[in-house]
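Hello,

Here is the structure I promised to pass on to you. Have a look at it first, and then read my notes below.

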Amino acid sequence: MSQSYMIQDDILLPGFTGPVRRPGEAGYDEGRRSLNPAVDSRPAVVAEAYGVADVRAALLAARRHGVPFAVQATGHGTHAACDGGVLLKTAPMASVLVDPARRIAKVGPGARWGEVIAAAAPFGLAPLSGSAPAVGVTGYTLGGGLGWLARKYGFAADSVVRADVMLADGRHVTADAGNHPELFWALRGGGGGFGVVTSLEFRLYPLSRVYSGFAYFPIEAAAETLGAYRSWIDDAPDELSTAVVLKRMPDDAPEPVRGRHVTMVKVVYAGAEAQARRLLAPLWQAAGPALLDELRPNTYGGTSMGGTPIRHMDMFDTVPDELVGTLVRASERAQTVEIRHWGGAMGRPGADAGPVSHRGTKVSVIVDTPVPRLAEELRPYANGGTFLNFLSDPARTAAAYTEADYRRLRDVKRAYDPGGFFQVGHIVR
């Protein structure tokens with residue numbers, strides 16, 4: 001055992017009621033695990049919170065011992081290690097309450113999107129959820145929240161109406177438009193570096209069914225499909241969200257695409273099948289006959305679009321021929337290259353919207369495989385921005401914001417965490 005771990009062996013959490021696991025104990029390795037394989041965190045303790053009092057006890061213990069402190073619900077958004085510190089797991093705090101009259105959901109910090117979708121569906125309502133039901137609600141929303149209804153209703157952060165927050169000094173406050181308004185602004189896209197959110201309230205939307213799924217075309221259609229896609233998306237209605245994915249299919253995929261390199265189109269349409277097919281027809285014409293078409297009417301809860309693991313991400317305001325060629329060539333060296341359409345309500349924020357930036361972006365590109373020199377090849381066409389939920393490098397956090405918003409976020413950080421207690425992950429410095 002290293003000297004640093006010997007020093008931290010005596011960390012105690014007085015008043016903490018949930019399980020506390022240390023290196024070598026059962027559940028420790030499972031508790032510290034991130035979904036990001038590049039992060040191998042080695043905290044001194046992994047503490048599972050059962051309530052607000054546990055959150056305070058863990059936070060104050062980390063302060064007393066002068067060790068790092070980090071919060072992890074599902075591990076989807078973990079991009080930095082909490083070595084030698086207190087890793088607070090909020091998964092047990094997974095309450096979900098739906099107020100159908102107000103179209104509001106109130107959730108605990110451990111809630112996952114699948115639980116919110118299930119609670120809202122009986123009332124014909126839907127949240128602005130992530131790409132998979134296992135994604136944690138709070139971290140996703142604090143980082144902006146780009147879901148498959150974002151073109152219709154905006155970023156998830158834009159729908160937040162209230163948050164309860166444990167501050168670095170142990171105070172528990174409510175942030176909304178009338179209470180701690182600067183903190184409220186920062187939380188809606190500024191990440192989790194301002195406090196521990198212990199409950200979150202956000203708007204739900206009247207939607208129960210969508211037309212959604214995937215269609216697969218030969219990889220030879222990639223350049224022509226992307227060439228058509230860049231102009232076709234300019235006229236796409238807000239109800240239609242799409243992405244073109246250049247992908248090597250696994251060996252357990254359906255037979256027509258099994259093991260093949262394909263051009264895949266992801267679709268979620270908040271409307272009827274017939275209208276969706278009319279809208280998609282020009283794109284299908286460019287792509288040619290489909291190898292497999294899995295688009296179907298579905299409940300919103302039954303729609304799981306999946307995500308692309310992020311090893312590289314860039315944003316683009318235009319899609320010139322040179323960029324199309326670069327992406328097609330990159331797909332020959334990567335497992336997955338996803339080109340996703342932004343726009344719609346994301347680009348029309350309200351006057352009181354939070355700091356989610358680069359809203360004028362036309363498309364984002366995510367690559368799931370390290371590709372040598374890809375960043376240099378894409379740089380001439382990229383707008384230089386990034387999106388917090390899609391950013392794996394905490395050193396680039398400032399790139400997720402405009403200069404003005406980042407200055408304002410720094411002011412909020414100084415006001416609510418003047419000692420810089422929250423320092424693990426995407427933190428405003």
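Which residues of helix H4 (residues 113–120) are buried? They are Trp113, Val116, Ile117 and Ala120. Seen down the axis of H4, these buried residues fall within an arc of 100 degrees, so they line one face of the helix; the arc is taken from the directions from the helix axis to the C-beta atoms. Buried means under 20% relative accessible area, exposed over 50%, and partly exposed in between (1.4 Å probe, protein chains only). Helices (H or I, at least four residues) and strands (E, at least two) are DSSP runs, numbered from the N terminus.

Before you go further, please note that this is a predicted model: local features need pLDDT of at least 70, side-chain atom pairs count only at pLDDT 80 or more, and totals for chains, interfaces and linings use all residues. Residues are numbered from 1 along each chain as its sequence is written, and side-chain values use heavy atoms, with hydrogens and water left out.

Now to the nonpolar cores, that is, sets of buried Ala, Val, Leu, Ile, Met, Phe, Trp, Tyr and Cys residues joined through side-chain atoms within 4.5 Å. The largest has 59 residues, and Leu187 is one of those that touch the most other members. Helix H7 (residues 181–187) gives this core its largest share, 5 residues. Another core, of 39 residues, lies apart from it and includes Tyr269 and Val371.

Lastly, Arg103 has a positive phi, near 55 degrees, though it is not a glycine. Arg103 sits in the loop between E5 and E6.

Best wishes
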